[in-house]
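This report describes a structure in terms of its sheets, helices and contacts. The sequence and the coordinates come first, and the description follows.

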Amino acid sequence: MGFNLKQVIRGRVWKFGDSIETDAINPYYRYPTMEELKLHTMEVYRPEFPREVKTGDILVAGRNFGCGSSRPGLVLREVGIAAIIAESVARLFLRNSISRAIPIFVAPGISSLINDGDQLEVDYPRGIVSNPQNGSSVALRKYPAAIEEIFECGGLPQFAYERYQRKRALAKSNVMKEDGKNG
Amino acid sequence: MAQTIAEKLLTRNNLKGEEVRAGDFLEARIDGAMCHYHASEPMHDMAIEAGFENGLPEVWDRDRIFVLLDHHQPTLSQKLADENALVRREVERLGIRCFHDSEPGIAHQMMLDYGLVRPGELVVGNDSHTLGYGAINAGATGITRADMLYVLLFGELWFQVPHSVKIHLNGTQPDYPIAKDIILQLAGLYGEDFAQGMSIEYAGSLVPQLSIDSRVCLSTHGVELGAKFAMFPADATTESFVKSRTGKPYEPLAADTGAEYAREIILDVDELPFVVAKPHQFGNIAPVDEVLGTRIHQAQIGSCANGHYEDIEIAARVLKKNKVAKGVRFIISPASQQVYLQCLKAGLIETLIEGGAQVITPGCGICQPRVGFLSDREVCITATTRNFRGRKGSQSAEIYLGGPLTVAAAAVAGEIVNPKEVLRGL
């Protein structure tokens, strides 16, 4: 499923600190199925998170979010997280989220903009994240067009599928042209 | 314009053929792709999810894809055996020629052992520690499983050209490995994300003295500092390592004079204390003197960062004169069968076993909750890659990271000690 970057996301904030790591986000060695993972994601930091997180909530974090291994954070989408906003994101976690079209945004200053439990508004088209409680906001980093396309497409595997189909169609039409010439 | 190593690498591999600078986005041509046990996802499950009826329809180059079933060797459950069986079927179907199947060991070490990666190449792997090949001047980095699907199909991938940080390591190599202490000290001094998304270039008077093993430790751990690449210059040590493993030609990368660095750091290793990362973060650094007397239950040496010959050799040197303390489990896992064999031929394994250590099958298990679990409130000191809470079982267990000498010294003392005490007796 694609993610429409033009939509504005509003939701309740779950706030976390710096260097939230992938073993805690995705402890799949201990809990190998998605159903089990959903009951345990992030419990190392906040035991109530898996129990109380609701569809549409927003995850806010400090620096270096998703440091550690190349494990993806799909479980966060599965428990209902609508967007992840962080001071900075570890590069593999950022790549993982882009390639699976999980809305993730880097917004320096986000930690001091918002409190846990507050409402937050993420407006990608305008490039801002704002606190509706007091009207303050910080800028979020926009992605280049090529990355936006991956989000819109629903992730890199879907993007690859579409590119491959185009390549096949083109090869086929070239063969037909050749046949036409030779025939 | 003068270029850093990363700028030169990505300019060389830019599909558009244009010069790129730090900050630019590009589609790059991939020289080599390493897939480990998660290969079944991009080849099969994820491909089907994306719309391909029977899995990935083809691969871009059957000789540039390397599949190594590392994490699950030997398999510990039927579920994992089923996953490995699926990879086997997919490799056969897609005609991938380089497949290390029934060989335990860490994929990264095998890539180096068997000359599957060369200086100057852009190599990706679906594992965060792929950066390790930077030790031999390869532009290597971890990618995601979804990225890997794209690479397997097209041999291309998007990148942002990283800014670069130059780390000058100056001083003299002592007669024991210090790479782990160096990288931990850097994380402690500058923060565990100071190289976020960047390319590390190692330089300085220590570099020519560093073994490939030590370079691999430093490059592998680039990811623990957030880096995209962590590269060493190609020198005589690199050349002799690579040429004894592959006859294929290669073109090393070197930065231009005047290249721009976002940051330069100088570390004098002669002044370096022995350090550990305390639980539960890589950057939670303290000199060993601050944690002296911490009682330990388990000590470990292994992983892609520290399962090398020199890491095991220093442990054997310590155990030649000392025995593992009562109540301590000292577990050693060579990084690969080749490393294991080298240790065996040098007589190290005999010394380790006589000294009371356990030597286990090469692989990634020692660094994960796979082999050697910890019980509640147990303490482990380990020369492996990560010390996250719960990484070895119990959430209340504590994991300290240290160099192989620090670990071996703790194993014989039963508590964290300053390795200088042990060194005096060697």
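## A four-stranded parallel sheet in chain B

In this predicted model, chain B holds an open sheet of four strands, which are arranged in the order S10-S9-S8-S11 and pair in the parallel sense. The edges of the sheet are formed by strand S10 (229-231) and strand S11 (263-268) of chain B, each of which pairs on one side only. Neighbouring strands of this sheet are turned against each other by 20 degrees on average, with direction ignored.

At one side of the sheet, strand S9 (residues 199-203) of chain B pairs with S10(B) through three bridges, again in the parallel sense. Within S10(B), Met231(B) is the bridge partner of Glu201(B).

## Strand S2 and its partners

Strand S2 (residues 32-35) of chain B pairs in the parallel sense with strand S5 (residues 122-125) of chain B, over three bridges. A parallel pairing over three bridges also joins S2(B) to strand S3 (residues 65-68) of chain B.

## Packing of helices H2 and H3

Two packed helices are described by the angle between their axes and the distance between the axes. The axes of H2(B) and helix H3 (residues 78-94) of chain B come within 9 Å and cross at roughly 90 degrees. Because angles of 65 to 115 degrees count as roughly perpendicular, H2(B) is described as roughly perpendicular to H3(B).

On the side of H2(B), the contact is made by Ser40(B), Met43(B) and His44(B), and H3(B) contributes Glu83(B), Leu86(B), Val87(B), Glu90(B) and Leu94(B). By class, the residues in the contact of H2(B) with H3(B) are four nonpolar, two polar and two charged.

## The two domains of chain B

The domain assignment divides chain B into domain 1 (5-267) and domain 2 (275-424), and the centres of these domains, taken over C-alpha atoms, are separated by 25 Å. Between them, 34 residues of domain 1 of chain B are in contact with 32 residues of domain 2 of chain B.

On the side of domain 1 of chain B that touches domain 2 of chain B, helix H4 (107-113), helix H6 (179-190) and helix H7 (212-220) of chain B each supply at least two residues, and H6(B) gives the most, with six residues. This side of domain 1 of chain B comprises twelve nonpolar, 14 polar and eight charged residues.

## The interface between the chains

Where the chains meet, 34 residues of chain B are in contact with 32 residues of chain A. Helix H2 (40-50) and helix H5 (145-154) of chain B each supply at least two residues of the side of chain B that touches chain A, and the largest share, five residues, comes from H5(B). The residues on this side of chain B divide into 13 nonpolar, twelve polar and nine charged.

## Chain A as a whole

Chain A contains eight helices and seven strands, and its C-alpha trace spans about 70 × 40 × 25 Å along its principal axes. Of the 183 residues in chain A, 44% are buried. Among contacts in chain A between residues at least 6 apart in sequence, 65% join residues that are at least 24 apart.

Note on methods
Residues are numbered from 1 along each chain as its sequence is written. Chains are lettered from A and ligands numbered from 1 in the order in which they are written. This is a predicted model: local features need pLDDT of at least 70, side-chain atom pairs count only at pLDDT 80 or more; totals for chains, interfaces and linings use all residues. Two strands pair if DSSP finds at least two bridges between them. Axes are lines fitted to C-alpha atoms, for helices over the stretch in contact, and angles run from 0 to 180 degrees between N-to-C directions. Two residues are in contact if their C-beta atoms, placed from the backbone, lie within 7 Å. Ala, Val, Leu, Ile, Met, Phe, Trp, Tyr, Cys and Pro count as nonpolar, Asp, Glu, Lys and Arg as charged, and the others, Gly among them, as polar. Domain bounds come from an automatic or database domain assignment. Angles under 35 degrees count as roughly parallel, over 145 as roughly antiparallel, 65 to 115 as roughly perpendicular and the rest as oblique. A residue is buried if 20 or more other C-beta atoms lie within 10 Å of its own, exposed if 12 or fewer, and partly exposed in between; C-beta atoms are placed from the backbone.
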